[in-house]
Amino acid sequence: MTRPQRGSGLPGAAVVPQAGFGHYASVPPGERLRVLLVEDDEGDAFLVGELLAETNSMIDLLVATSLSEARQRVMGVDCVLLDLGLPDAQGLDGLRQVLDMASGAAVCVLTGRSDEHLGIVAVAEGAQDYLVKGQVDGVLLTRALRYAVERKRADVNARRLREVELRQAESARLERGLLPQPLMTTDQVAVHTFYRPGRHAALIGGDFYDVVQTRPDRIDLIVGDVCGHGVDEAALGVELRVAWRALILAGVPDEEVLPALEQVLMSERRLQEIFATVATTRLDLAANRATVRLAGHPPPLLLAGGRVGPVPARGGLLLGVRPRRPVAFDLEFETEDWSLLMYTDGLIEGRVGSGDDRLDVSGLTELLADPASRAVSLAELPAWLVGRAEQLNGGPLADDVAMLLVTRGGGR
């Protein structure tokens with residue numbers, strides 16, 4: 001590497017206009033790059049310009065003779081080619097300053113033969129590569145600069161991907177913590193739950209459920225559905241579930257619980273068009289009976305004595321449309337062996353066959369009456385129902401699905 005005399009200028013070095021950070025992220029191989037050479041030796045700077053010019057490198061070169069000058073020219077460059085011996089910075093201190101000022105650009109370090117060990121340390125500090133003066137030609141220099149830019153882009157993309165993964169993991173932990181833990185101690189009944197949101201990669205949606213035991217012989221259950229599938233609806237569903245649990249634990253009279261829940265919905269919803277459907281059940285285990293209230297929600301299904309059928313409770317009005325108390329329906333269990341399935345409409349809105357017919361309550365009843373369902377354990381029955389509904393739908397169900405299956409004795 002023959003060094004020209006100092007003061008000979010920089011023929012072959014082009015100056016480019018300033019631009020914003022981050023250009024490197026969209027630079028494919030072969031496209032023009034903008035490189036800032038920080039070098040106080042005019043001879044070395046001239047030689048770098050000549051090496052790039054002779055290879056038709058498609059690289060525009062800016063030159064700064066100090067770090068203070070580099071600060072004024074660093075905006076918009078794809079790579080900084082840095083000499084470690086500058087008048088206002090020496091060694092790794094200069095590198096650290098360049099890494100701070102040009103966080104969006106790749107950095108290549110220029111070292112002398114006696115400083116080669118510094119190049120290795122520089123890479124450990126954050127540089128993408130190092131070059132030894134006198135040991136590179138135009139082809140190697142061009143290749144090193146382009147590789148440095150691509151390596152920087154890969155590093156940034158990997159860091160962004162890692163940040164996204166960490167945020168997703170944090171969101172998953174948060175959403176998982178928002179899912180309810182049934183508050184129940186009795187062994188007189190068993191509760192089997194199923195929950196799957198319709199949003200891709202989400203853990204929680206607008207559907208919700210909860211179970212609260214307030215006395216040895218009394219258990220309250222709720223299944224609800226907030227219209228919509230976004231994070232706002234998911235948050236509102238969590239608010240309604242928590243509010244319902246608080247109302248039950250506070251001993252609010254039965255007929256006042258859903259009106260109070262509607263007040264929460266109307267005060268917390270983002271748009272006036274947002275509504276919710278709800279089904280609640282209060283089990284009186286001592287009397288072997290239940291009280292069901294529906295607010296625009298599909299009815300629970302009762303499995304008992306080898307038969308399956310919907311509970312004939314009045315549907316009631318949606319929450320958030322026109323305040324009105326749901327009518328209570330008293331259900332007397334005729335046997336000590338029964339199951340009550342509460343679910344959201346995501347389970348029954350799937351299509352059946354190639355037409356527009358939906359599974360609906362009648363189709364779900366037929367699935368549960370199918371002899372094949374009796375071969376499925378009660379604990380696995382909710383997941384089995386979803387699988388069968390998806391088979392009939394010809395693919396995954398689009399909406400959130402939440403289910404509570406409460407069983408006593410043999411359960412059927």
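I count a residue as buried under 20% relative accessible area, as exposed over 50% and as partly exposed in between, with a 1.4 Å probe and protein chains only. Helices (H or I, at least four residues) and strands (E, at least two) are DSSP runs, numbered from the N terminus.

**Ground rules.** The model is predicted, so I note that local features need pLDDT of at least 70, side-chain atom pairs count only at pLDDT 80 or more, and totals for chains, interfaces and linings use all residues. Residues are numbered from 1 along each chain as its sequence is written, and side-chain values use heavy atoms, with hydrogens and water left out.

**Whole chain.** I looked up the elements and found 10 helices and 17 strands in the protein chain. Of its 412 residues, 49% count as buried. I then checked contacts (heavy atoms within 4.5 Å). Among those with a separation of 6 or more, 71% join residues 24 or more positions apart. The accessible surface is about 19300 Å², and carbon and sulfur atoms hold 51% of that. This area comes from the Shrake-Rupley method with a 1.4 Å probe; for residues, only the protein chains shown count as cover.

**Helix α1.** I went to residues 42–54 and found 13 residues reaching 18 Å from first C-alpha to last, close to the 18 Å expected. The expected span is 1.5 Å times one less than the number of residues. Its buried residues are G43, D44, A45, F46, L47, V48, G49, L51 and L52. At the N-terminal end, D41 is the cap, with a side-chain oxygen 2.9 Å from the backbone nitrogen of G43. After α1 comes N56, with a positive phi near 50°.

**Helix α7.** I compared residues 254–268 with expectation: 21 Å for 15 residues, against 22 Å between the end C-alpha atoms, which agrees. V257, L258, P259, L261, E262 and L265 are buried here. Their cover includes β10 (218–226), α6 (231–249), β11 (276–284) and β12 (289–295).

**Core.** I looked for nonpolar cores, meaning sets of buried Ala, Val, Leu, Ile, Met, Phe, Trp, Tyr and Cys residues joined through side-chain atoms within 4.5 Å. The largest has 28 residues, and L221, L283, L302 and W338 touch the most other members. Leaving out residues up to four places away in sequence, L302 touches R307, V308, G309, V311, L331, F333, W338, S339 and L340.

**Cysteines.** I searched the whole structure for disulfides and found 0. A disulfide here is a pair of cysteine sulfur atoms within 2.5 Å. The closest cysteine sulfur to that of C108 is in C79, 4.7 Å away, so too far for a bond. C108 is buried, at 0% relative accessibility.

Notes: Polar contact = N/O pair within 3.5 Å; in protein donor to acceptor, adjacent residues only side chain to side chain.
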